Amino acid sequence: MPPFSVPPGPARQLTVLSGGLSGSSSTRRLADCLTDAVLDRLATDGVTAVTHTVELRDLAHDLADHQLTGLHTPALADTLDHLAESDAVIAATPILHASFGGLFKSFLDTAAPGAFTGRPVLLAASGGSLRHCLVLDHALRPLFTTLGARLTPTSVYATPADWAGPELPERIIRAATELCALLPEAPPVPTRPRGPRPRRSAAAVPNQVSPHQER
């Protein structure tokens, strides 16, 4: 793979989304390995980065409340602010029942329109079998393409057996290098300004229909 050079400038902002269902999940382990590879690759080019790792399971109640009321809790609003200010995203999900995780999809449904537009994204997934590795290409990649993300050519899928072999580390390094190569020359303009979010009580808008509400 040809070398690249990330332009100097302020520290890059990296948001890491982990859809694992436990703190020690293989999804979180994969997300951490990808994060370390990206940071190492940037460091060799003299570029610093600040990471914000989000365990989506910690936002499960916040996401459910948003779907029911349309309102953002402070924790969810803070996460969306970090996403709006990030230069790049690592998005990792478990594969459950031959599809990506429900928490992962709920977060994407909650993100503001344009949150991923033009933003470099590295996709990753963990699963129990190679039979489901095509979920990345057949489900996740089309979804993020629809959201306008700039996807790395390489995505990373890991099964328990992959952690003992040499191919997974090589793929992680390749994907991390591709993500770094997609970084913009300057940090992107936030999708919306960071700061206090106007809040309305659910009682004030009784007839408001959530875009994801069943009809």
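# Briefing on a predicted protein model

Leaving aside neighbours within four places in sequence, Thr-93 is in contact with Gly-19, Thr-27, Phe-100, Gly-101, Phe-104, Ala-124, Ala-125, Ser-126 and Leu-140, where contact means heavy atoms within 4.5 Å. This is a predicted model, in which local features need pLDDT of at least 70 and side-chain atom pairs count only at pLDDT 80 or more, while totals for chains, interfaces and linings use all residues. Residues are numbered from 1 along each chain as its sequence is written, and side-chain values use heavy atoms, with hydrogens and water left out.

**Overall fold**

- The secondary structure of the protein chain comes to six helices and seven strands, these being DSSP runs numbered from the N terminus, with helices (H or I) of at least four residues and strands (E) of at least two.
- Along the sequence, these elements follow the pattern β-α-β-α-α-β-β-α-β-α-β-β-α.
- The protein chain has 215 residues, of which 43% count as buried; buried means under 20% relative accessible area, exposed means over 50%, and partly exposed lies in between, as computed with a 1.4 Å probe on protein chains only.
- Of the contacts in the protein chain with a separation of 6 or more, 81% are between residues 24 or more positions apart.

**Nonpolar cores**

- The largest nonpolar core has 29 residues, and those touching the most other members are Phe-104, Phe-107, Phe-116, Val-121, Leu-123 and Phe-144. Two or more residues of this core come from each of helix H3 (74-85), strand S3 (88-96), helix H4 (102-110), strand S5 (120-126) and helix H5 (135-146).
- A nonpolar core is here a set of buried Ala, Val, Leu, Ile, Met, Phe, Trp, Tyr and Cys residues joined through side-chain atoms within 4.5 Å.
- Not counting residues up to four places away in sequence, Val-121 touches Val-89, Ala-91, Phe-116, Phe-144, Ala-149, Arg-150, Leu-151, Thr-152 and Leu-179. A second, separate core is made of 23 residues, including Val-16, Ala-88, Ile-172 and Ala-175.
- In soluble globular proteins, nonpolar side chains tend to be buried together.

**Helix packing**

- Helix H1 (residues 26-44) and helix H6 (residues 167-181) pack at an angle of about 55 degrees with their axes 8 Å apart, which makes H1 oblique to H6.
- H1 passes H6 in a right-handed crossing, and the residues that meet are Leu-30, Cys-33, Leu-34, Ala-37, Val-38, Arg-41 and Leu-42 in H1 and Leu-168, Ile-172, Ala-176, Thr-177, Leu-179 and Cys-180 in H6.
- Helix H2 (residues 60-69) and H4 pack at an angle of about 50 degrees with their axes 10 Å apart, and they are therefore oblique to each other.
- H2 passes H4 in a left-handed crossing, with the contact made by Ala-60, Leu-63, His-66 and Gln-67 of H2 and by Leu-103, Ser-106, Phe-107 and Thr-110 of H4.
- Axes are lines fitted to C-alpha atoms, for helices over the stretch in contact, and angles run from 0 to 180 degrees between N-to-C directions; angles under 35 degrees count as roughly parallel, over 145 as roughly antiparallel, 65 to 115 as roughly perpendicular and the rest as oblique.
- A crossing is left-handed if the near helix is turned anticlockwise from the far one by less than a right angle, and right-handed if clockwise.

- Thr-51 is placed in strand S2 (residues 49-55) and counts as partly exposed because its relative accessibility is 33%.
- The C-alpha atoms of Thr-51 and Leu-14 are separated by 4.6 Å, although these residues are 37 apart along the chain; neighbours within four places aside, Thr-51 is in contact with Leu-14, Thr-35 and Leu-39.
- Asp-58 sits in the loop between S2 and H2 and is exposed, with a relative accessible area of 53%.
- His-97 lies in the loop between S3 and strand S4 (99-100), counts as exposed at 83% relative accessibility, and has a phi near 55 degrees, a positive value in a residue other than glycine.
- Ala-98, in the loop between S3 and S4, is partly exposed at 44% relative accessibility and has a positive phi near 65 degrees.
- Most residues other than glycine have a negative phi.
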